[in-house]
Protein chains: 2
Amino acid sequence: MNEFDFIDQLRRQTQSRKHSTRVIKGIGDDASVIAEVGNRDLIVTTDLLVEEIDFIRNATPPGLLGHKALAVSLSDIASMGARPSWSFLSIGMSRETWDNKFKDEFFEGFFALADQFGVTLTGGDVSESKQGIVIDSVVLGEVASGAAILRSGAQPGDQIYLTGTLGGAAAGLKLIEKGAQMKQESGVGGRESEPSTSPTVRQGLSDRVTEKSDDDSIQTLLLRQLRPSPRVGWGIVLGEERLATAMIDLSDGLSSDLYHLCKESDVGALIDSASIPLDEDVRHLCGRRALDPLALALHGGEDFELLFTVDPKNASRLPKLVDGVPISRIGEITDAGIMNITEKNRTWKLEPRGFEHFKNEG
Amino acid sequence: MNEFDFIDQLRRQTQSRKHSTRVIKGIGDDASVIAEVGNRDLIVTTDLLVEEIDFIRNATPPGLLGHKALAVSLSDIASMGARPSWSFLSIGMSRETWDNKFKDEFFEGFFALADQFGVTLTGGDVSESKQGIVIDSVVLGEVASGAAILRSGAQPGDQIYLTGTLGGAAAGLKLIEKGAQMKQESGVGGRESEPSTSPTVRQGLSDRVTEKSDDDSIQTLLLRQLRPSPRVGWGIVLGEERLATAMIDLSDGLSSDLYHLCKESDVGALIDSASIPLDEDVRHLCGRRALDPLALALHGGEDFELLFTVDPKNASRLPKLVDGVPISRIGEITDAGIMNITEKNRTWKLEPRGFEHFKNEG
């Protein structure tokens with residue numbers, strides 16, 4: 001039984017005993033939706049980050065961990081088309097970690113991101129842990145009643161869009177696994193520089209990346225992994241303008257997350273590989289190392305971009321940029337129950353091969 | 001810096017940057033209070049349970065751990081005078097634990113308690129953990145606007161009350177530390193038997209406990225530790241009838257939790273030791289072992305009873321029993337900033353000596 005089988009089982013057990021008629025969406029989406037008594041719905045997400053599994057302590061400066069703990073939950077709220085407001089943080093650590101400056105740096109990174117989006121740390125819990133650091137990040141947000149964008153609303157014929165670029169976070173993880181380290185002071189605390197407005201990306205998505213050193217690309221990719229930018233602005237716009245029929249954030253990887261969306265919507269998808277926006281630093285480094293950037297983009301997780309579907313009649317209303325972040329149209333929802341991808345003149349079946357906890361072996 | 005110093009520091013950092021005007025109570029109470037857009041307030045609590053720190057794996061059957069994970073959060077919601085509705089559970093465990101029957105038994109115990117109070121499992125997260133089990137339990141509840149009972153509302157002259165009896169959970173923990181084990185099948189899953197309606201307690205709180213064997217007392221005390229009964233009914237009644245001026249649940253121990261309440265209310269307290277309701281199994285076993293049941297009642301944690309204060313003019317409106325659980329009046333709020341306790345003809349200063357994570361040494 002893998003992670004998703006287990007979640008499905010819990011979902012069935014919960015549905016068989018549903019008590020609260022105000023649960024609009026329970027287990028089985030990026031976040032849960034509860035009807036408030038007024039004209040809004042409450043959105044709730046929880047994300048558990050465990051040392052050695054979800055982050056590597058030595059490669060993760062505390063300030064970036066504080067950033068990431070909040071960022072992953074903000075991304076879930078964004079993927080529901082909601083506006084985040086309140087954060088709760090449960091954190092366990094050893095006495096040794098407690099006694100050093102970890103806490104202060106962690107919360108410096110946390111508050112910098114919280115301030116950026118007007119999110120208030122509203123509660124939480126602290127415990128000792130005999131082993132590593134463990135963090136549960138809970139964020140609450142809101143949408144107008146009925147406006148939450150679920151995974152289940154995609155219809156055949158809808159266009160499929162992505163914010164930003166893919167592959168950077170997975171490449172960053174590979175670099176960390178090979179021993180790459182953040183340079184001192186690089187991006188710890190303070191406001192993040194959006195990749196889309198960094199000098200790197202200002203060069204555009206062309207292949208003319210000749211000036212940039214490998215070192216610069218490596219640092220940029222480490223930040224894509226360690227300091228993801230949740231697409232909060234896009235989430236709010238898509239929710240308020242009711243532009244998306246379904247949405248999910250890319251935490252496990254495009255192939256797996258698209259699979260979740262298709263499964264919940266009971267549809268298929270046809271993706272055009274040439275239109276998938278690849279991270280330019282990934283292309284830069286992969287080009288020199290004969291790696292396949294498309295594989296990273298398809299199956300690498302943690303880019304925390306938004307994947308969403310749009311009724312073609314609303315496509316002209318989509319903004320070009322939100323907070324400087326562009327979108328790309330990568331394919332179309334089909335009514336067949338499978339996902340296909342075209343590459344040059346071939347079409348092949350896209351299997352979900354992204355990250356999962358407790359993956360079934362064999 | 002101990003747990004409470006750190007929480008105070010975070011609270012100041014949060015207040016200096018408060019974004020959401022809808023946060024009625026943030027860090028620094030049993031749970032947080034957020035104004036909904038309708039005529040209700042949302043109550044949110046999170047509780048982190050870490051193996052080896054907050055529970056001992058070998059002494060805790062999975063079903064009872066599932067019960068306790070929810071119970072501690074229900075107790076926090078009750079202590080705000082709120083009605084619990086929605087639960088979120090983040091859980092990390094090793095692959096070995098994942099692959100055995102732990103999950104099923106854990107959720108059997110969890111759902112039995114959730115069903116008892118009409119609480120819906122609405123979301124959560126799952127992660128692998130290289131080390132022990134870690135659980136973050138989040139519960140959301142509601143009260144009428146402005147009706148949440150904070151720690152900070154006690155006034156000099158208010159009467160101090162307690163639900164149930166004290167010392168049982170701490171005695172149970174001592175027994176576990178000495179190697180006592182639950183008997184097979186004892187209380188795992190299914191509805192709990194309230195201590196107050198068990199044969200033991202039906203004998204009343206007199207000293208005439210002569211029939212009961214030490215073995216029976218030990219099993220009862222283990223359950224007080226492993227399967228606490230959150231006082232959900234009392235919380236709802238006190239909140240709906242607006243009977244309590246301040247409230248806290250007894251998780252750290254009476255001396256510490258009363259201290260938190262007094263500190264937040266800027267008041268003192270005078271407790272009458274003779275009126276503290278001692279667990280009768282604790283008295284039974286302590287009597288034979290020359291231990292001091294009063295010390296367990298004052299400083300032992302995890303009884304998850306409610307400690308609350310009442311304006312004397314409302315005292316006559318207090319129910320005698322809710323869900324079979326009685327209350328005891330144990331003292332009075334004073335305006336001096338210290339806590340005193342009378343014992344026979346002496347009065348001495350009551351110091352907070354309950355549980356805290358990362359206790360300052362020396």
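**Close look**

Modeller: Leaving aside neighbours within four places in sequence, B:V322 is in contact with B:G233, B:W234 and B:V237; two residues are in contact if their C-beta atoms, placed from the backbone, lie within 7 Å. The model is predicted: local features need pLDDT of at least 70, side-chain atom pairs count only at pLDDT 80 or more, and totals for chains, interfaces and linings use all residues. Residues are numbered from 1 along each chain as its sequence is written, while chains are lettered from A and ligands numbered from 1 in the order in which they are written.

B:V322 belongs to strand 11 (residues 321-322) of chain B. Helices (H or I, at least four residues) and strands (E, at least two) are DSSP runs, numbered from the N terminus. B:V322 counts as partly exposed because it has 18 C-beta neighbours inside 10 Å. The scale takes 20 or more other C-beta atoms within 10 Å as buried, 12 or fewer as exposed, and anything in between as partly exposed, with C-beta atoms placed from the backbone. In sequence B:V322 and B:V237 are 85 residues apart, but their C-alpha atoms are 8.2 Å apart in space.

Elsewhere in chain B, B:I43 touches B:A31, B:V33, B:I77, B:M80, B:A82, B:L140, B:G141, B:E142, B:V143 and B:A148, not counting residues up to four places away in sequence. B:I43 is also among the residues with the most contacts inside the largest nonpolar core, together with A:I43, A:L307 and B:L307. That core has 206 residues; such a core is a set of buried Ala, Val, Leu, Ile, Met, Phe, Trp, Tyr and Cys residues joined through C-beta atoms within 7 Å.

Next, the contact between the chains. Chain B and chain A contribute 60 residues each. On the side of chain B that touches chain A, elements supplying at least two residues include helix 1 (3-15), strand 3 (40-50) and helix 4 (102-116) of chain B. Strand 5 of chain B gives the most, with 9 residues. By class, this side of chain B has 23 nonpolar, 22 polar and 15 charged residues. Here Ala, Val, Leu, Ile, Met, Phe, Trp, Tyr, Cys and Pro count as nonpolar, Asp, Glu, Lys and Arg as charged, and the others, Gly among them, as polar.

Chain B superposes on chain A by a rotation of 180° with 0.0 Å of shift along the axis, at RMSD 0.0 Å. That is the relation of a two-fold axis. Of the residues of chain B, B:G38 comes closest to the rotation axis, its C-alpha at 2.0 Å. Both copies use the same surface, as 100% of the contact residues of chain B recur in chain A.

Within chain A, the assignment gives domain 1 (3-144) and domain 2 (151-349), with bounds from an automatic or database domain assignment. Their C-alpha centres lie 22 Å apart. In chain A, 29 residues of domain 1 are in contact with 27 residues of domain 2. Helix 2 of chain A supplies the largest share of the domain 1 side, 11 residues. That side divides into 14 nonpolar, 9 polar and 6 charged residues.

How values were computed: Copies are superposed by least squares on the C-alpha atoms of residues with pLDDT of at least 70 in both.
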